[in-house]
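Hi everyone, thanks for making the time. Let me put the structure up on the screen, and then we can walk through a few places together.

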Amino acid sequence: MRVLVAMSGGVDSSVAAARMVDAGHDVVGVHLALSSAPGTLRTGSRGCCSKEDAGDARRVADLLDIPFYVWDFADRFQEDVIDDFVDSYARGETPNPCVRCNERIKFSALASRALALGFDALATGHYARLSAGRLRRAVDRDKDQSYVLAVLTAEQLRHAVFPIGDTPKAQIREEAARRGLPVAQKADSHDICFIPSGDTRAFLGARIGVRPGAVVDAAGTVLAEHDGVHGFTIGQRKGLGIAGPGPGGNPRYVTGIDAESGTVQVGDLTDLEITRLEGDAPVFTSGVAPTGPLECSVQVRAHGGIADGLAELRGDTLMVELRKPLRGVAPGQTLVLYRSDSEGDEVLGSATIRAAGRMLSTE
């Protein structure tokens, strides 16, 4: 099998490439250049896709004796990930750029090019498993990345390989060291790779500009002014610009964002509890949409935010009723449906959250 391996320059994709070579496949490594000015992407342990990472990926490819290329996806990344991220925040949403990168760059643009060039599959260093074409959580639950892959279609999964999903991260590092890979102890990447400073509010403000609005309580009383709803997300507690706590000395949290009016509403912790979700653009990883209600577990963040629930497809909208409340759920986030069986947690599907609350619209 001809396999293209996406090599980020980290330990995970490096071991994934090595395993593909060991399996006897015809392997080619590729590193994605996602910025026309690589110095603007984070380096070291704070990001990925930097010039430093490209060099690390090339050294590993040389050690494995496989062809290696750097492909320029900067324009596509700008449009499909960075611009989408900015636009989503301007609408008062909270997007996950890693979800969009996997959906639109790695398993759409990159995979499409790979298939066009005659490759049979795209392998990555994601912590996830495939069993009979079904996406499942990784063995290492703490490193599991099935959440950010849940937007993939059945056809995309058919050409995907996740070589390390059956192994805990600690053992991946040990394996890399045994193989003599120079990235064995390289730190994991964190945060958003295209925000060098790590200051998301400043990054968004420079692109969206000043859009004044008010911070209000549930009664509509103005508590503070702000420069734009992009500086807030549901569940946020700090940086609200409010002097003092709420009634009874309780902390205040962002409970609602209206981008059209520029209003940010705050309230108590209990005001963040939601039991129902509406999701747009649903994707079902089996390729077949459900015909009735689904008992499942629902995850709304890459790490945490899980509750049992009942999901049902109504037209083009995925409706979810949770068995217990979740907090800090915001439009723009991805909801992912899981079901457990003897082989572990299977991803059933996903959708982009349009609304969340105790009472949702039925339009």
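Let's start at Leu110: leaving out residues up to four places away in sequence, Leu110 touches Leu4, Ala6, Val30, Leu32, Trp71, Phe73, Ile105 and Leu122. Contact here means heavy atoms within 4.5 Å. Before I go on, a word on the model: it is predicted, local features need pLDDT of at least 70, side-chain atom pairs count only at pLDDT 80 or more, and totals for chains, interfaces and linings use all residues. Residues are numbered from 1 along each chain as its sequence is written, and side-chain values use heavy atoms, with hydrogens and water left out.

Now, which residues have the most contacts inside the largest nonpolar core? They are Leu4, Phe77, Phe85, Leu110 and Phe194, in a core of 46 residues. By nonpolar core I mean a set of buried Ala, Val, Leu, Ile, Met, Phe, Trp, Tyr and Cys residues joined through side-chain atoms within 4.5 Å. Buried is under 20% relative accessible area, exposed is over 50%, and partly exposed is in between, with a 1.4 Å probe and protein chains only. Helix H4 (97-116) is one of the elements that supply at least two residues of this core, and the largest share, eight residues, comes from H4. Apart from this core lies another, of 27 residues, among them Ala18, Phe68, Ala138 and Ala184. Helices (H or I, at least four residues) and strands (E, at least two) are DSSP runs, numbered from the N terminus.

On to the sheet. Five strands form an open sheet in the order S3-S2-S1-S4-S7, with parallel pairing; two strands pair if DSSP finds at least two bridges between them. At the edges are S3 (68-72) and S7 (160-161), each pairing on one side only. S1 pairs with S4 (residues 121-123) over three bridges, in the parallel sense, and Val3 stands opposite Ala121 in S4.

Arg2 also lies in S1, which covers residues 2-6. Is Arg2 buried or partly exposed? Its relative accessible area is 30%, so Arg2 is partly exposed. A polar atom of its side chain lies 3.3 Å from the backbone oxygen of Leu117.

Last stop, His226 in strand S9 (residues 222-226). His226 counts as buried because its relative accessibility is 7%. The His226 side chain reaches the backbone nitrogen of Ala214 at 3.4 Å, and among the residues that His226 touches are Phe232, Gly262 and Val264.

Notes
A polar contact is a pair of N or O atoms within 3.5 Å; within protein, one must be able to donate a hydrogen and the other to accept it, and residues adjacent in sequence count only if both atoms are side-chain atoms.
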